[in-house]
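Work through these exercises with the sequence and the model side by side. Try each task before reading its solution.

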Amino acid sequence: MQETHGHTSHGHTEAAHAEEHGFDTKAIWRTFWILLVITCIELIVGMFIAPRFPHTTKVWFNILYIIFTGAKAFYIIAEFMHLKHEIKNMIMTIAVPALLFIWFIGAFLWDGDSFKNLRHKMDPYKAESHKAQPAPPSHGEEHLK
Amino acid sequence: MAEAVSANQKWWSGGRSPFNVEYGKLMMWYFLMSDAFTFGAFLISYGSIRFATNAWPNPNDVFSSFPGMGHTHLPLVFVSLMTFILIMSSVTMVLAVGAGHSKDRAGVIKWMLWTILGGIAFLACQAWEWTHLYHQGAWWGRNPFPNYDGTQSTTNFTNFFFTITGFHGFHVFSGVIINIIMLIMAINGTFERRGHYLMIEKAGLYWHFVDLVWVFVFTCFYLF
């Protein structure tokens, strides 16, 4: 019942929109399928493929996940939030400030990595204790100080 | 707002919005930008701490339960279901916005109801997940999960997980409340009297943003 009702109202909205705003119901469903397929690929990779590889290869899977995430974000912003169909001024006022994230992510991850390396250098016990099984319980609290 | 845009329109010569959108919608975009930076700060501090830490728990071992499946090892399945629910409710939200464009009140009400239902379903899933983790001994300041290599993990793992998914869940909750208000206004015919459904568009932007943030939370906590 819901289906038939849905279909009639679709047809109606589609027709009305083609004239008014170019609101495209088909594009929305296409976006939905793209998002769904990407999520399923992520699920399959994360559940079946990545666990078969040693932990040292994790970084390559992470790069793959970043690409998928970026693609999903693009489709949500461009189609669902309709930004792709706004004028260029509007797109730029959102996209240009968002570029700050590139610096933001790069700088802070670099900083975290440098902190870890410095600690290993200054406090060799830290690097050793990581290998001991299991590490002393104070290990966790140490970090918060 | 609905005027056709000609190719060589001089947007910056004054007299009209250079962005060709309604004021409220533009401000919603800017609010979402500021919110994106808040979430960004949370997620990046999480990344920074992870980069500063020797080892971290494996999400496939931590998030591997599904309601009613007991101890079956099903990594990522439940959280993928949550992702699907949120994407689906984003679709119904766009359809509500679309119905609003053509001033189809019944359509707006129907799709808003589905969107609200999706939001509530997501929150219910998250409540189950949190409860399950809590019973496993995880909470702020408590982390029962070892690192992937068997070493003792820090409480940073649970602290970041509960803080960030909690902040996102709070956004979903606010989104559901906003959507319920929009539904009531649509039922009362407020938008019809006003002559437009632009409020639905603004609520829609917020709702899609919540979905967008989840995409990043999903990657950062469940995949990395």
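**Exercise 1: the two folds**

Among contacts in chain B between residues at least 6 apart in sequence, 68% join residues at least 24 apart. Two residues are in contact if their C-beta atoms, placed from the backbone, lie within 7 Å. This is a predicted model: local features need pLDDT of at least 70, side-chain atom pairs count only at pLDDT 80 or more, and totals for chains, interfaces and linings use all residues. Residues are numbered from 1 along each chain as its sequence is written, and chains are lettered from A and ligands numbered from 1 in the order in which they are written.

Solution. 

Step 1. List the elements. Chain B has seven helices and zero strands. Chain A also comes to seven helices and zero strands. Helices (H or I, at least four residues) and strands (E, at least two) are DSSP runs, numbered from the N terminus.

Step 2. Take burial. In chain B, 41% of the 224 residues are buried. In chain A, 14% of the 145 residues are. Buried means 20 or more other C-beta atoms within 10 Å of the residue's own, exposed means 12 or fewer, and partly exposed is in between, with C-beta atoms placed from the backbone.

Step 3. Take contact range. For chain A, 42% of the contacts between residues at least 6 apart in sequence join residues at least 24 apart.

Step 4. The C-alpha trace of chain B spans about 65 × 40 × 25 Å along its principal axes.

**Exercise 2: one helix, two partners**

Task: find how H1(B) runs relative to H7(B) and to H5(B).

Solution. 

Step 1. Start with H7(B). The axes of H1(B) (residues 23–51) and H7(B) (residues 198–223) come within 10 Å and cross at roughly 15°. Axes are lines fitted to C-alpha atoms, for helices over the stretch in contact, and angles run from 0 to 180 degrees between N-to-C directions.

Step 2. Classify the angle. H1(B) and H7(B) are therefore roughly parallel. Under 35 degrees counts as roughly parallel, over 145 as roughly antiparallel, 65 to 115 as roughly perpendicular and the rest as oblique. The crossing is right-handed. A crossing is right-handed if the near helix is turned clockwise from the far one by less than a right angle, and left-handed if anticlockwise.

Step 3. Read the contact. H1(B) residues including B:Trp29, B:Leu32 and B:Phe39 meet H7(B) residues including B:Leu205, B:Phe209 and B:Phe216. The contact divides into 13 nonpolar, one polar and four charged residues. Ala, Val, Leu, Ile, Met, Phe, Trp, Tyr, Cys and Pro count as nonpolar, Asp, Glu, Lys and Arg as charged, and the others, Gly among them, as polar.

Step 4. Turn to H5(B). The axes of H1(B) and H5(B) (residues 156–188) come within 10 Å and cross at roughly 165°. The pair is therefore roughly antiparallel. H1(B) passes H5(B) in a left-handed crossing.

Step 5. Read this contact too. B:Phe42, B:Leu43, B:Tyr46 and B:Ile49 in H1(B) meet B:Asn156, B:Phe160, B:Thr163, B:Ile164 and B:Phe167 in H5(B). These residues divide into seven nonpolar, two polar and no charged.

**Exercise 3: where the chains touch**

Task: which element of chain B gives the most to the side that touches chain A?

Solution. 

Step 1. Count the contact. 53 residues of chain B are in contact with 54 residues of chain A.

Step 2. Find the elements. H1, H3 (77–101) and H7 of chain B each give two or more residues. H3(B) gives the most, with eleven residues.

Step 3. Sort the chain B side. It divides into 28 nonpolar, 22 polar and three charged residues.

Step 4. Zoom in on B:Ser80, which lies in H3(B). B:Ser80 is buried, with 20 other C-beta atoms within 10 Å. Leaving out residues up to four places away in sequence, B:Ser80 touches A:Thr39 and A:Leu43.

**Exercise 4: a helix of chain A**

Task: what do the buried residues of H2(A) pack against?

Solution. 

Step 1. Check the helix. H2(A) (residues 25–49) has 25 residues and reaches 35 Å from its first C-alpha to its last, close to the 36 Å expected at 1.5 Å a residue. The expected span is 1.5 Å times one less than the number of residues.

Step 2. Name the buried residues. They are A:Thr31, A:Leu35, A:Glu42, A:Leu43 and A:Gly46.

Step 3. Find their partners. The buried residues of H2(A) pack against H3 (58–80) of chain A together with H3 and H7 of chain B.

Step 4. Compare A:Ile44, also in H2(A). A:Ile44 is partly exposed, with 13 other C-beta atoms within 10 Å.
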